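Here are some notes to read alongside the model. Keep the viewer open and look up each residue as you go.

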Amino acid sequence: MHRMASQAATGEETAGPTIADVPNAAEIFNWSVVSYAISAAWEAGVLEHLQEVGRLEIEAFSAANGLDAQIVHAMVKALAMGDVVTLDEEAGVAAPGRTFDEANATKALFHWLHRASGNLIGQLGRVAKGDREGTERDARAIGIASREANAAYFDPVFRRLLADIDFDVVADLGSGAGQRLIDMVLARPGTRGIGIELQPRSNENARAMITAAGCGDRVDILERDVTALEYEDSFADVDLVTCFLLGHDLWPRENAIRTMRSFRETFPRARHLILCDTVRTEGPYSVRGSIFASAFDVVHAGMGQFIPTTSDWLDMLPETGWRCLERHDFEVPSATILFHLVPDDEA
Ligand SMILES: C[S@@+](CC[C@H](N)C(=O)[O-])C[C@H]1O[C@@H](n2cnc3c(N)ncnc32)[C@H](O)[C@@H]1O
């Protein structure tokens, strides 16, 4: 209704369908509650239980897992509103609904939006007025959402790419929980890994995971700032560099060019740089066709962080000393690209 009025007032056509073309305000409101419930249901183990067992008895499940049954019931009832589950209210039993598989497959993105970024987007109006105090995002939830997103979306593509790449030593930039390094060295006997990560807490966690995975003698984690990285002896044999979900932190443009150029000197033997990140969306979002792009833009706008578009990346790459050998565009999460880069002076 409001859109029609504003169109009439301005005489302008909007470029694509917006959410207002489909539901009314009540539906918009209620879908947002479903969205919160998907994130919460994953954290509470509801989605996993439904996937494994095929049904969920609310009272018994809550008691067995030390959960508040009233909250679980409310959560499940909200999920039923979006057909994520079907709910027999009288019996207190839920089962997967028509949208369960899709919600389950994209749960990392809901978690990223609500659990990791909710403290910020819930206060976006205040942030827009210039007051950011107490709006920090949840770093642990970002780690959990990223790990799940890697496993569900990026790793299958990354593994296919890696099958054609020989490497002895890999450096993972912004290594977070260290899972990529663990997976890579375990899959390739004789290889070694170096994680480069700014956050001491992430590094402690990564070192513990690497030791637990039995590859403590093959992976080192270094506390370094990727944007101020300098050559050190342990980088001499690095022949593969990976960089997942960190690329936007290298921007604005001149900083990103400087940092990516520096990798040629910091890792003099590197023959491959695989960079995967979400980009800013140009033009309207595809309401039905894209998931994540809108959230990524809103959250980073809230953080005051510049996010490059695909065109921004393609425009600056020729100045970095790297050229793009191949590119993959992910459907989920939308607006996410992977570049396989090689030194630009190599045939
Ligand atoms: C979204 S997380 C992704 C973690 C991991 N690459 C993954 O795919 O799961 C981004 C990581 O980059 C790290 N990071 C951000 N800026 C950095 C910098 N300048 N130097 C080193 N690490 C950085 C963050 O601390 C965080 O662990």
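1. Is F158 buried or exposed? F158 has a relative accessibility of 4%, so it counts as buried (buried means under 20% relative accessible area, exposed over 50%, partly exposed in between, with a 1.4 Å probe and protein chains only).

2. A word on the source before going on. This is a predicted model, where local features need pLDDT of at least 70 and side-chain atom pairs count only at pLDDT 80 or more, while totals for chains, interfaces and linings use all residues. Residues are numbered from 1 along each chain as its sequence is written, and side-chain values use heavy atoms, with hydrogens and water left out.

3. Back to F158, which has a ring partner. The ring centres of F158 and F244 are 5.2 Å apart and the planes sit at 75°, so this pair is edge-to-face (rings of Phe, Tyr and Trp, the last by its six-membered ring, pair if their centres lie within 6.5 Å; planes under 30 degrees apart count as stacked, over 60 as edge-to-face and the rest as tilted). The two are 86 residues apart, with F158 in helix α10 and F244 in strand β7 (residues 238-244) (helices, H or I, of at least four residues and strands, E, of at least two are DSSP runs, numbered from the N terminus). F244 is buried too, at 7% relative accessible area.

4. Now try F235 and F267. Their ring centres are 5.0 Å apart with planes at 55°, so that pair is tilted. F235 is buried at 0%, and F267 is buried at 1%.

5. Ring pairs also build a cluster: Y153, F154, F158, F244 and F330 are linked this way.

6. What surrounds the ligand? There are 14 residues around it, and the closest are N150, G174, E197, D225 and V226 (near means a heavy atom within 4 Å). A polar side-chain atom of N150 lies 2.8 Å from a ligand oxygen atom, and one of E197 lies 2.6 Å from a ligand oxygen atom. F244 turns up here as well: a polar backbone atom of F244 is 2.9 Å from a nitrogen atom of the ligand.

7. Last, have a look at D155. D155 sits in helix α10 (residues 139-162) and is buried, with a relative accessible area of 12%. Leaving aside neighbours within four places in sequence, D155 is in contact with N150, R180 and D183 (contact means heavy atoms within 4.5 Å).

Technical notes: Polar contact = N/O pair within 3.5 Å; in protein donor to acceptor, adjacent residues only side chain to side chain.
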